[in-house]
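Here is a short tour of one protein model. Please keep the sequence and the 3D view at hand while reading.

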Amino acid sequence: MSWYSFIGIASHELKTPATSIHAYSQLLYEELAATPDKQSAELVMKLSEQVARLTRLTKDLLDVTRIGQGRENLKKEPLDLMKIIMEAVEELQITTDIRLAIAEHPSLPPVAGNQDRLRQVMINLLSNAIKYSPGTHEIIIRPEAGNGKVSISIQDFGVGISKDSLGKIFDRYYRLDDGGAAGYPGVGLGLYISSEIVRQHGGEIKVNSEKNKGSIFTVSLPVNDY
Ligand code: ADP
């Protein structure tokens, strides 16, 4: 058995129990939160957070084995990226005080895409923008269409990325070791998975960044005629 297949099987097997434990821990938290026993509620909250991390990690590992090998047959349909970005913003806005501002609301031509996977890319880029920008107030999202492409750029004003690291951040398991990623949870798979998904849609992700000034990640996808 190859190393890839092993990771694939192991993460697939781990995903189901981890997802159940997470669901049970949330139910337990809700029960305890309604009692005077605040200490137990807090412990269960911590348990739930850690299980959520474990669940994310197993999902990421599974994605790496599927997507990284190009084995996944992406089912594509005409999609409105504006809708995907708006839903992702809505979902993440409740998790942060940083304002997720959509600068413009153009009507974008449809792209041929896989809804779940493109949603995953937007969530990943937005979560990174939030994670690597503590203490800042705004993240700006700019959707655009032109030259047969649709693009979405996500600008944060956070820790940024040094010139030396810019070329490596899409590599598997790469995390900035110059302090850029220290103290932030993660394993360095998100951008690798996102770039593979976008590549399998015929598009690309570009990054522009300056250390301590912030980063702009831009996803462009080809427009299809429908
Ligand atoms: P993770 O966040 O799990 O470490 P990713 O693959 O999503 O993994 O990102 C790889 C690395 O790229 C991160 O560890 C971080 O150092 C850097 N990075 C990603 N997004 C940003 C951002 N918006 N600002 C600064 N650094 C970033």
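A residue counts as buried when its relative accessible area is under 20%, and as exposed when that value is over 50%. The model shown here is predicted.

**A loop residue**

Start at Asn114. This residue is found in the loop between β3 (111-113) and α4 (115-131). Its relative accessible area is 13%, so Asn114 is buried. The side chain of Asn114 reaches the backbone oxygen of Lys75 at 2.8 Å. Beyond its neighbours within four places in sequence, Asn114 is in contact with Leu74, Lys75, Lys76, Leu79 and His201.

The table lists the values for each pair.

| Helix pair | Angle between axes | Distance between axes | Crossing |
|---|---|---|---|
| α3 and α4 | about 45° | 9 Å | right-handed |
| α4 and α6 | about 145° | 9 Å | left-handed |

Take α3 (residues 81-93) and α4: their axes are 9 Å apart, at an angle of about 45°. That angle makes α3 oblique to α4. On the α3 side, the meeting residues are Leu81, Ile84, Ile85, Ala88, Val89, Glu91 and Leu92; on the α4 side, they are Gln115, Leu118, Arg119, Met122, Ile123, Leu126, Ser127 and Ile130. By class, this contact of α3 with α4 has eleven nonpolar, two polar and two charged residues.

Now turn to α4 and α6. Here α4 passes α6 in a left-handed crossing. From α4, the contact uses Arg117, Leu118, Gln120, Val121, Asn124, Leu125 and Asn128; from α6, it uses Gly190, Leu191, Ile193, Ser194, Ile197 and Val198. By class, the contact of α4 with α6 has seven nonpolar, five polar and one charged residues.

**An exposed residue**

Finally, look at Gln39. This residue is found in helix α2 (residues 38-68). Is Gln39 buried or exposed? Its relative accessibility is 63%, so Gln39 counts as exposed. The C-alpha atoms of Gln39 and Asn128 are separated by 31 Å, and the two residues lie 89 residues apart along the chain. Asn128 is one of the α4 residues in the contact with α6.

Definitions and conventions:
Residues are numbered from 1 along each chain as its sequence is written. This is a predicted model: local features need pLDDT of at least 70, side-chain atom pairs count only at pLDDT 80 or more; totals for chains, interfaces and linings use all residues. Side-chain values use heavy atoms; hydrogens and water are left out. Helices (H or I, at least four residues) and strands (E, at least two) are DSSP runs, numbered from the N terminus. Buried means under 20% relative accessible area, exposed over 50%, partly exposed in between (1.4 Å probe, protein chains only). A polar contact is a pair of N or O atoms within 3.5 Å; within protein, one must be able to donate a hydrogen and the other to accept it, and residues adjacent in sequence count only if both atoms are side-chain atoms. Contact means heavy atoms within 4.5 Å. Axes are lines fitted to C-alpha atoms, for helices over the stretch in contact, and angles run from 0 to 180 degrees between N-to-C directions. Angles under 35 degrees count as roughly parallel, over 145 as roughly antiparallel, 65 to 115 as roughly perpendicular and the rest as oblique. A crossing is left-handed if the near helix is turned anticlockwise from the far one by less than a right angle, and right-handed if clockwise. Ala, Val, Leu, Ile, Met, Phe, Trp, Tyr, Cys and Pro count as nonpolar, Asp, Glu, Lys and Arg as charged, and the others, Gly among them, as polar.
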